[in-house]
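Please keep the sequence and the model in view while reading.

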Amino acid sequence: MANVDADVEVGDVPNIQDTIEILLECRETGRNLSNQLPPTIYMVPRRIRDLSPDSFEPQVVSIGPLHRDDELVQEFEEQKATYMHHLLHRLEQLDLSPQQILDACLHRVNGSIDRIRACYGGMNPYTDAELAQMMVMDAIFILEFLFPSAEHLRLISGNVILKHSIFHDLVLLENQIPFFVLQDIFDCTISRIQTTSLTSVVLQRLRFINPFKVIGNDGVGIAHDHILGLLQKSFHPTKNMPSTRPSLPLPNHSAVELDKAGVKFRPNKDANWQMAIEFRSSWLACFCWCWGNRILRMPVLYIQDNTDLFLRNVIAYEQCTPGVPHYVTSYACAIDLLVDTKEDLFMLVESKVLVNTLTSNEDATNMINSICKEIILAEFYYKEQWQQLDRYYNGYWPKNLARLKQAYFRRPWNMIALFAGFVLFALTIVQTIFTIKAAN
């Protein structure tokens, strides 16, 4: 021990007082940060991102600071100036000078710069001036893209691939600006041209990327984190739904298994909640299964090229942002429980609960089965329905009906053999009756 101490130079011994001061400074920084709300725009955790990196990275345009330096989006940065020119030109025709408009926009943004910084997690150290310029330029680009003039609309519509790629980039969690910034710039610009609601137009213009196609809560008068947050809130029910913790493991019965037990699938339209799933059973099913088939009603999901990207970003937002209810996560886990194979998916497509526009049912099945990987199901809004479904499936008649179908109705030859057996049995009875009568 003495030899070790002798080898240590005096300069290598840490100064305890200096270390304490550094730790106290860290504590003071933590105290300041503890007063801030958690960020709402951030890099998606690696465990989720690595499953599908392309679903979270912008392909054409960078919005906000998190992907500003990506090589893929550098080419389009100059195009933002074109969008700003078109919007300011329209305002100039109303005798509003571009300088006055930009001054009003920057005044709004500079007044909220600390609040803007607090919205981001893991942001590069931009100066206030750089961040303010970025917010104004990106907000004007989004507004001109969503509210284009007739002339600019013709230019945008000419490049369909570019247009759709921009729409995709606008719903990425890592590619957002705070919604209050977008609203402030909207008030300084578009609101002077036309009387409309920013939230309603955003939802309408992004409807094609919404895999449920139904616009629910329009969010007017409600605070939103960003465009993706607005889309997520459009899935909220008009009345509060009770939050329930799932009883794990959840009952797992595939669509084919449930069909064999007498469960049918139908589209659902609920005035309170577009994501509602309903299952109703009755005593009639216990006595006469042929008339007592139960129906599981579900919202219609359109499986298209952008469905995977959309669901992954909404689910990541729900999973990582405190206070956001897990409505879409719950639905994704529910549909994943029903779809194990392409036969399950085909059954839901035949029932019009799913609309598959991908090249094959196998591709759609793989997409559904991968959405909920690495997801923590902290809330499940269909717990009661799944418990009812499980109780019904495990009941005497449905369970035995499923076994009967599996044993005798799985293949056509099995049904023919069973029918032939019934006919032979009936003929045997008839022959026995005639034999008895002849003997008498």
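**A network of salt bridges**

Salt bridges link R68, E77, K80 and D138 in a network; a salt bridge here is a side-chain nitrogen of Lys or Arg within 4 Å of a carboxyl oxygen of Asp or Glu. The model is predicted, so local features need pLDDT of at least 70 and side-chain atom pairs count only at pLDDT 80 or more, while totals for chains, interfaces and linings use all residues. Residues are numbered from 1 along each chain as its sequence is written, and side-chain values use heavy atoms, with hydrogens and water left out.

**The chain as a whole**

- The protein chain contains 22 helices and 5 strands, where helices (H or I, at least four residues) and strands (E, at least two) are DSSP runs, numbered from the N terminus.
- Of its 440 residues, 45% count as buried; buried means under 20% relative accessible area, exposed over 50%, and partly exposed in between, with a 1.4 Å probe and protein chains only.
- The accessible surface of the protein chain comes to about 23,800 Å², and 56% of this belongs to carbon and sulfur atoms; the areas come from the Shrake-Rupley method with a 1.4 Å probe, and for residues only the protein chains shown count as cover.
- Among contacts with a separation of 6 or more in the protein chain, 75% are between residues 24 or more positions apart, a contact being heavy atoms within 4.5 Å.

- R68 is placed in the loop between α3 and α4 (74-77), and it counts as buried at 12% relative accessibility.
- The side chains of R68 and D138 are joined by a polar contact of 2.4 Å. Such a contact is a pair of N or O atoms within 3.5 Å; within protein, one must be able to donate a hydrogen and the other to accept it, and residues adjacent in sequence count only if both atoms are side-chain atoms.
- Leaving aside residues up to four places away in sequence, R68 touches S62, I63, V73, Q74, E77, K80, Y126, M134 and D138.

**Other salt bridges**

- The count for the model comes to 14 salt bridges.
- E374 and R47 form a salt bridge whose closest N and O atoms are 3.0 Å apart. E374 lies in the loop between α19 (361-371) and α20 (383-393) and R47 in helix α3 (residues 46-49), so this pair ties together parts that are 327 residues apart in sequence.
- Both partners of that pair are partly exposed: E374 has a relative accessible area of 39%, and R47 has one of 47%.
- E57 and R49 meet through their side chains in a salt bridge of 3.1 Å, N to O. E57 is partly exposed at 28%, whereas R49 counts as buried at 10%.
- R90 and E144 form a salt bridge of 2.6 Å, N to O. R90 lies in helix α5 (residues 79-92) and E144 in helix α8 (residues 128-146), so the pair ties together parts that are 54 residues apart in sequence. Both R90 and E144 are buried.

**Helix α6**

- Helix α6 (residues 98-110) has 13 residues and reaches 18 Å from its first C-alpha to its last, close to the expected 18 Å; the expected span is 1.5 Å times one less than the number of residues.
- I101, C105 and V109 are the buried residues of α6. They cover an arc of only 65° around the axis, which puts them on the same side of α6; the arc is that of the directions from the helix axis to the C-beta atoms.
- On the other side of α6, the exposed residues are Q99, Q100, D103 and H107.
- Cover for the buried residues of α6 includes α5, α7 (113-118), α8 and α11 (179-188).
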